[in-house]
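This note sets out a few points to check while viewing the structure. Please read each point with the model open beside the text.

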Amino acid sequence: MKSANSVGPTVIVILGATGDLTWRKLMPGIYNLHLDKWLPKNFAVIGVSRTEMNDEAFREHMQNGVDKFSRRGKADEKDWSEFEKQITYNKGGFDEQSTYDKLEEQIEKYEKEWNAPVTRIFYMAVPPSYFEEIATKLGNSKLVENKELSRIVIEKPFGRDYDSAKKLNDLLHGMYDESQIYRLDHYLGKETVQNILAFRFANAMFEPTWNRNYIDHIQITVSEQLGIGTRGNYYETAGALRDMIQNHILQLLCLIAMEPTVSFDADEVRNKKVDVLNAIRIIKPDEVHLNAVRGQYGPGWIEGEKVIGYRDEQDVNKNSNVETFAAVKFFVDNWRWQGVPFYLRTGKHMNETISVISMQFRPVPHQSFPNSATGNWQPNRLVLNIQPHMGIKLGFQAKRPGLEMLMAPVDMQYDYNESYTSTTPEAYETLLLDIMEGDSTLFMRADQVEAAWKVVMPIIEQWEKNPSTSFPNYAAGMTGPEDAEALIARDGHNWFVTPPKSK
Ligand code: BG6
C-alpha cells in the first residue's frame, strides 16, 4: 500500500540525462511526485550525460521540460526553486570509470549528510546500445553492492529478438538479483491499464462470463495518428511488431486473459501474466500469412494536412521493408480461452489515436423475438477505452419506446472524466514511485520478456525472410491495409469502429 512515508532516503541517477525521455517524461514525473508530496525528505537526482553542462544549465533545461510536458503545465517558480536544489549534473562518458567513481563519492556523501543508508536507482535513459556497458560498469562497482537498496531501470526495447533479450537477461543475472532489475513498459503504469485489473477482480459480476463460453472474440487496437517523426533511426531497427506488439499490446492481452490472482504480490501477478504468454499458440512459419498482416504508410492526409510516406521520413531507407502497421490473430491455448481469437492491431499515421479493447459476446443461444423485432440486433459488447478517454462501455439490446416490440442497441457507460475531476498521474509517476518503493508488480520479469519474444519471433522471421512486395500499402490517415480487414473478415467479424464523437 502506498503512503507518503514508504520511501526512504533516495538518489535517482539518470544516465542519459540530456535526452528526450528525461526531458519529456522523467523530470516532469519526478516533479509531480514532489508536488504531490510522495518524495522523501532526503532525496536527490543526479543527471549524467556526455554533454558539457553545469548544474544551473541542466536545471534550467529540466524546468523547460516540466513547463512543456508536465500534466500540471508550467511550473510554479517557488515550487520549482525548492525542488531544483535536489538536482545536480555530472558530465561523464558511460564507458569511463571516473563517471562511476564520482557517483560513488557523491552517494557516500549523501549517506553521511543524511546519516542513513540510501536507496540508489540507476535509470538507463539511453539508447539500447549502451545497456550492456552501463549495466556491466555499474555491476562491477560498489554502487549496486547492496542488493536491497540498489535498483537498475531498463526501458524498452529489451532486446531486438528472443536471442538478444536472453543474452541481456543472462548478462544482468550475472551481476544483479532479478529483484534489482526493473524492466519498464510504460503502458503498465497507465492509470487506465491498471483499471483493467480493478474492473476484472474487484467486481463479481463480470468474471463468470469472462471465458470461452460467453466471449466470441477479443480485439485490441492501439492506433496512432502520429507518424515516426524524428525517430527514423530507431524505428528502422524496430517496426510495429517489435515497437508495440511484443511489449505494450501483449501486456494488455495478458491483463485481459490472465487468471485471477490470489494476492497482489509482485510475483503472483507476474506468474499469472506469464502463464498467458506461455499459453499463446506459436504461429507456424507457413501459417504466418494467415494470421499476421503488415503495412507501411505512404503519403496521405492527417487532420487536413498532407503528410509524407514512411520511406520519405528522415533517416529511413528509401526501400525500407519496415512495417508501420501490424495486425495479428492469436489464440490462447488454455481452458478459459480455447478457440477464442484475440485480434491485435497497431499502426502509425492511422485515422485516429485510440487504444481500445473490445470484447464481443456470443449471440444469445435462442432468439425468441420475431425477425421483425431484431433487425438492428447486435451481440453484447464490452469496450474498455484505454486512451485518449478512459471509459468502459457495455452495449446491450433494449426495447425501443413505442407500441411495437423493436430492439435497438444501447450503451451503459462509465466515463472516467465525468466521475473524477482530479488529473490522473502519468504512467511515469506511478512507475517511478513503484521503483522507489521497491514494488516490481508493474515491471517485466525476465521470463515475461522472453516469453513475449517467443510469441512474435515466427512472424518477425517470416517477414524478414520475405520482404513485402506491396509496401507502402496504406495511405497515411487510413485504418491500415486492406489485408488487415480481410484477416478479421475471414472469421466473419469486423474491426471495432469507434462511434463518431458527439459534438
Ligand atoms: C512507445 C513506442 O513505447 O510507445 C512509440 O516506442 C509509441 O512508438 C509509444 O508511440 C506510445 O505510447 P503512448 O503512451 O503515447 O500511447
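1. The surroundings of the ligand deserve attention at the outset. In this predicted model, the ligand is surrounded by Lys156, His186, Tyr187, Lys190, Glu224, Arg231, Asp243, Met244, His248, Lys348 and Gln387. By class, this shell holds six charged, three polar and two nonpolar residues.

2. Which helix gives the most to the shell around the ligand? Helix H9, spanning residues 240-257, does so, with three residues.

3. Individual distances may then be checked. An N or O atom in the side chain of Glu224 lies 2.5 Å from an oxygen atom of the ligand. For the side chain of Lys156, the corresponding distance from an N or O atom to a ligand oxygen is 2.8 Å. For the side chain of Tyr187, it is 3.2 Å.

4. A separate point concerns the packing of two helices. Helix H6 (residues 162-173) packs against helix H14 (residues 446-465) at an angle of about 170°, and their axes are 9 Å apart. Angles over 145 degrees count as roughly antiparallel, so H6 is roughly antiparallel to H14.

5. Which residues make this contact? From H6 come Tyr162, Ala165, Lys166, Asn169 and His173; from H14 come Ala446, Val449, Glu450, Trp453, Lys454 and Met457. The residues of the contact of H6 with H14 comprise six nonpolar, two polar and three charged.

Conventions:
Residues numbered from 1 in each chain as written. Predicted model: local features only at pLDDT ≥ 70, side-chain atom pairs only at ≥ 80, totals over all residues. Heavy atoms only, no water. Near = heavy atom within 4 Å. Polar contact = N/O pair within 3.5 Å; in protein donor to acceptor, adjacent residues only side chain to side chain. Helix = DSSP H or I, 4+ residues; strand = E, 2+ residues; numbered from the N terminus. Nonpolar A, V, L, I, M, F, W, Y, C, P; charged D, E, K, R; others polar. Axes fitted to C-alpha atoms, helices over the stretch in contact; angles between N-to-C directions. Parallel < 35°, antiparallel > 145°, perpendicular 65-115°, else oblique. Contact = heavy atoms within 4.5 Å.
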